[in-house]
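Visitor: I would like to go through the terms used for this structure and hear what each one rests on.
Guide: Then let us look at it together.

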Amino acid sequence: MKRFSRAAAIMFIAAVTVAITAITFIAQFNGEARRNSEIQSAFDRLIAAEAGLDRDLLKIIAGLLPYYDTLVDLSRSIEEIYGTIELDDSGLITSSREEYRRRIDDKMMAAELIKGLAAFVINEENYLQFEVGRYAATAAPEIAVPLQSMLIAQFSDRLRAEPVSTVDPALLRQGKHDELLANLLTHFTLLREQHRRLHEAMDGYFAIDSRQALERLRGHYIQVYRDRQERGLAITQALTILTVALFVGLGWTMIRLGRAHGIAEDARRRLLDAVNSLEEGFALFDGEDRMILTNPPYEVLVGEDGRRGFSSLVTSLGGADKMAASPLENPNQEHLSYNDKTGRWLLFRSRGTAEGGVVCLLMDMTESKRLEAELQKLTAAIEQSPLSVVITDERGCIEYVNPTFSILTGYSAAEVLGRNPRVLKSGQTPHETFVEMWNILAAGMTWRGELFNRKKNGDVMVEQATIFPVSGFNDRVRHYIAIKEDVTLSRKSAQMIVDAKADMERLLFAASHDLQEPIRDILLQIQLLERQLGPKATGAIAESLGFLRNSGLQLRLLIKGLLDYNRSNRPMSASGLVDCRLLVERAVAEIGGEHANASRITLEPLPSVQGDPVLLSILFENLISNALKFTRPGIMPEVKVSATAEGGGWRIDVADNGIGIEECYLKRIVQPFSRLHARAKYPGAGLGLATAAKIATLHDGRLWLSSEFGVGTTAHLWLPAPGEPSKEVVRTVE
Amino acid sequence: MYRLHGLIGLLVVPLSLWMGDALASEVREKEPIRPLIASPPGESRKVDLGRRLFHDPILSGDGTVSCASCHDLARGGVDGLPVSVGVGGAKGSVNAPTVFNAAFHLAQFWDGRAATLEEQAGGPITNPLEMANSWPVVLARLNASAYFADFKATFGGEATASRVKEAIAAFERTLVSTDSPFDRWLLGDDTAMTSEELRGYRLFKSFGCISCHQGRNVGGNMYQRFGFFGDWFADRGRAETAADLGRFNVTGRAADRHVFKVPSLRLAVQTAPYFHDGSVATLEEAVRLMARYQLGRPIAEEEVGMIVKFLHTLPGKPAEPSK
């Protein structure tokens with residue numbers, strides 16, 4: 001392309017130069033043609049003027065006096081015309097021109113002589129004609145006749161060069177004493193002399209062939225002019241052809257240039273498209289460190305600094321100390337840098353180009369760095385996990401095991417990589433478990449279950465395993481991941497706890513149940529004693545009796561509470577639709593007897609819930625008992641039981657107007673054996689709310705309190721509404 | 001209607017004037033003398049410059065003599081002296097001819113050595129007996145003076161010899177004496193000439209004066225030998241000078257001895273003395289001498305007088321009023 005444009009420029013300059021030369025030449029050529037026509041016309045006018053000169057000279061000889069002036073004008077115009085003829089002095093022309101000039105000068109000189117002589121001759125002829133006539137009229141005939149014949153002879157000789165007439169001797173004799181005649185004879189003599197001279201002059205004048213000289217000059221001029229004209233024509237043609245050829249060449253080159261330009265333009269556009277579609281930053285610098293091309297990501301990644309040149313780019317990347325600043329030193333470089341300001345990781349790569357420049361690629365490594373960190377984190381989590389993790393490929397070959405696996409199984413990673421997990425197989429896992437597991441995995445779902453696997457040392461362990469497939473491209477399974485927990489130990493201890501608890505419950509039930517009878521007997525005996533002693537019991541005895549009775553009652557309450565609480569630990573024995581209103585009414589009837597003093601209990605409509613009627617009745621008993629128990633002195637207890645549909649269940653509120661509970665105790669009060677008050681003031685075992693809360697939990701419900709100190713407390717019980725779907729069922733195999 | 005009358009009047013008046021003119025003028029075309037007609041005016045700036053140079057003694061060697069010193073336009077373009085007085089009282093060799101109507105001469109100077117007025121104008125400047133100057137001095141003076149600007153304006157450059165000559169010649173071409181009584185008679189004005197004057201004219205023709213003194217300038221258009229009938233140069237009683245050789249000095253031909261340019265008689269009555277040597281004081285004497293030496297015939301005093309009367313009808317009004 002460069003080659004074409006240079007060629008086009010040269011051709012253009014050449015074409016213009018040649019065209020200008022041609023135009024100048026043609027203009028000169030035209031100027032010469034114009035000059036030629038002027039010169040030719042001058043030649044014609046010269047011929048005409050000369051002819052006029054000849055003609056007027058003859059008129060003067062004929063005695064026409066007015067033509068003297070025209071002769072002056074003609075000779076002046078000949079000089080003028082001659083002066084306008086500008087000829088290039090060259091050999092022939094110069095000589096023929098000099099020749100013509102000589103002839104003209106001769107002619108002019110002869111003409112002047114003729115003019116003077118003609119004037120004299122004409123004048124003398126006129127005079128003699130007149131004077132001879134006058135003289136002859138009075139003279140003797142012998143004198144008059146020869147004189148007159150002389151005059152006649154003179155006139156008849158007029159056109160002759162040599163006058164033939166001679167002077168008669170008689171006249172000469174007579175003239176010696178006749179002064180008048182002598183004068184006439186003198187005139188005759190002079191006339192004849194001047195006549196001869198006039199003819200000589202005329203012969204000389206007409207012998208001068210100035211016309212021929214002029215024609216010769218003209219011929220030479222035309223010859224030279226024609227030669228030059230032909231040469232000029234040839235040169236003009238050559239120049240024209242050259243001009244046309246150059247312009248054609250120029251046009252052709254321009255077309256080639258245009259085509260090359262189009263191709264280059266296409267190539268550039270493609271390059272730009274490619275470069276612009278890169279996600280990496282791209283920059284091209286030439287050999288003089290000038291930026292040639294960048295793409296938008298490059299601008300975003302390095303900004304202004306990157307536009308100034310390769311060295312400035314290197315500096316801006318913070319690689320000045322590690323990288324060569326000039327592509328000449330080392331065009332192939334690679335450098336990973338972190339920019340504090342933008343918080344980006346950039347991977348810089350450069351390669352030298354053929355023309356000595358350098359191509360730079362900038363990759364934003366921030367994301368992969370982040371992913372790397374993320375991966376590290378996850379890997380650490382997996383490595384540190386107390387669960388053993390096994391990853392296999394789609395065929396089941398182990399790709400990864402974490403250290404926990406090695407600790408648990410005794411196999412190191414190197415020992416199991418590439419092998420199938422069946423190396424762990426103990427043979428104790430039921431065959432059905434594997435069938436189910438593979439069915440589930442084949443369906444792309446997660447399998448959970450227990451596996452009995454064998455350690456390297458031969459021990460069998462129980463593993464709670466979660467196994468799931470990992471799909472990649474095309475939903476094809478790429479990996480299986482198994483996360484397993486060794487539950488051998490926890491299984492054992494859980495069983496021990498269950499056993500211990502059952503023992504304890506049995507013991508507690510037996511104790512509290514068996515304790516009811518002796519307590520009943522003790523209270524009976526105290527009653528008997530009081531009755532027997534009657535009014536005799538006074539003083540210390542009566543005080544002891546009262547103390548005994550109270551302790552006995554307290555003990556009975558405690559035992560009943562223990563029994564209730566114990567009972568609430570049982571799993572629900574029976575579940576069915578229970579009418580809460582019925583339960584509350586029964587509880588009120590039972591407790592109302594204890595609180596014979598006036599109290600008001602309001603029951604609003606209550607729903608039916610799903611639950612264990614025995615446990616729920618214990619629950620309500622506890623709540624209502626509490627509501628009636630913590631009364632304020634002098635204030636009639638009022639209890640209100642209401643129900644509100646809320647959150648997919650029922651909230652049953654038991655509100656009282658008792659002493660209330662301070663905010664800070666609201667949580668603590670639900671725990672077993674929590675008491676806020678002295679036993680003497682408000683009797684109770686401290687198990688009521690704990691028991692109630694436990695029962696609520698058993699029913700997937702919740703129990704909490706809200707209270708305003710000194711105004712009253714409300715116990716809130718939330719239970720799921722019957723028919724409401726329970727928690728999502730996870731497919732598990734136990 | 002009035003307008004129509006006006007139009008007719010406008011047409012009729014010039015028509016009748018032209019008709020009247022045509023009727024009155026029987027233009028005498030056959031006469032050998034032709035009326036003088038003013039030359040077309042040259043470039044006015046050039047003419048003005050020429051006029052000032054003509055009158056300015058700056059051209060002479062000592063700054064005392066101008067063209068006008070010898071060619072006093074108020075005196076018929078001559079100085080009235082037999083021979084002119086140049087720088088330092090030097091005397092010229094020939095009688096100064098008039099500058100009036102000189103443009104119509106076939107050549108300038110008595111011997112015709114200058115073909116044009118331009119050639120002539122340079123002659124006196126370097127003639128030691130006239131202005132006695134040299135071109136380098138003249139041009140240096142002109143270019144140092146206010147003339148420089150005039151030359152610049154007229155010719156687009158400084159003064160040169162050819163430009164000085166051109167300017168003076170341009171001025172001289174304007175010096176034409178037109179509208180003489182005789183010219184008016186030639187153009188048909190019968191009242192322009194008295195009968196005596198007409199008789200003088202007829203004598204002028206019949207004596208043959210006319211054969212040399214004809215044309216618009218009544219002479220000046222040919223060369224003629226002085227002294228056909230008798231040797232005037234011997235008779236005048238004075239030694240022959242180089243100037244007396246006349247045209248021989250130019251051509252070198254024996255036949256041109258004593259040949260001179262026939263002088264114009266247009267202003268003859270104003271330009272005494274006469275002949276190339278200024279030796280003849282009166283016109284009458286000049287007429288007599290001419291009759292004797294050129295025509296070889298006796299002439300009566302009465303005829304001389306009538307010819308002189310005719311000659312008085314030839315000067316026209318000078319185109320250039322005396323300055």
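Guide: This is a predicted model, and the count of aromatic pairs over all chains comes to 22.

Visitor: Why is the pair A:Y221 and A:Y225 called stacked?
Guide: The ring centres of A:Y221 and A:Y225 are 6.0 Å apart and the planes make 20°. A:Y221 and A:Y225 lie four residues apart in helix α7 of chain A, so about one helical turn separates them.

Visitor: How do you know whether A:Y221 and A:Y225 are buried or exposed?
Guide: Buried means under 20% relative accessible area. A:Y221 has 6% and therefore counts as buried; A:Y225, with 10%, is buried too.

Visitor: What makes the pair B:F226 and B:F233 edge-to-face?
Guide: Their centres are 5.7 Å apart and their planes stand at 75°. Edge-to-face requires over 60 degrees, so the term applies. Both B:F226 and B:F233 are buried.

Visitor: What makes B:F182, B:W185, B:Y201, B:F204 and B:F310 a cluster?
Guide: Ring pairs link these residues.

Visitor: How do you know that the charged end of A:K369 sits over the ring of A:W345?
Guide: The charged end of A:K369 is 4.6 Å from the ring centre of A:W345, and the distance limit is 6 Å. A:R97 likewise lies over the face of A:Y82, at 4.9 Å from the ring centre.

Key: Residues numbered from 1 in each chain as written. Chains lettered and ligands numbered in written order. Predicted model: local features only at pLDDT ≥ 70, side-chain atom pairs only at ≥ 80, totals over all residues. Heavy atoms only, no water. Phe/Tyr/Trp six-rings, centres within 6.5 Å; stacked < 30°, edge-to-face > 60°. Helix = DSSP H or I, 4+ residues; strand = E, 2+ residues; numbered from the N terminus. Buried < 20%, exposed > 50% of the residue type's maximum accessible area, 1.4 Å probe, protein only. Lys NZ or Arg CZ within 6 Å of the ring centre and 35° of its normal.
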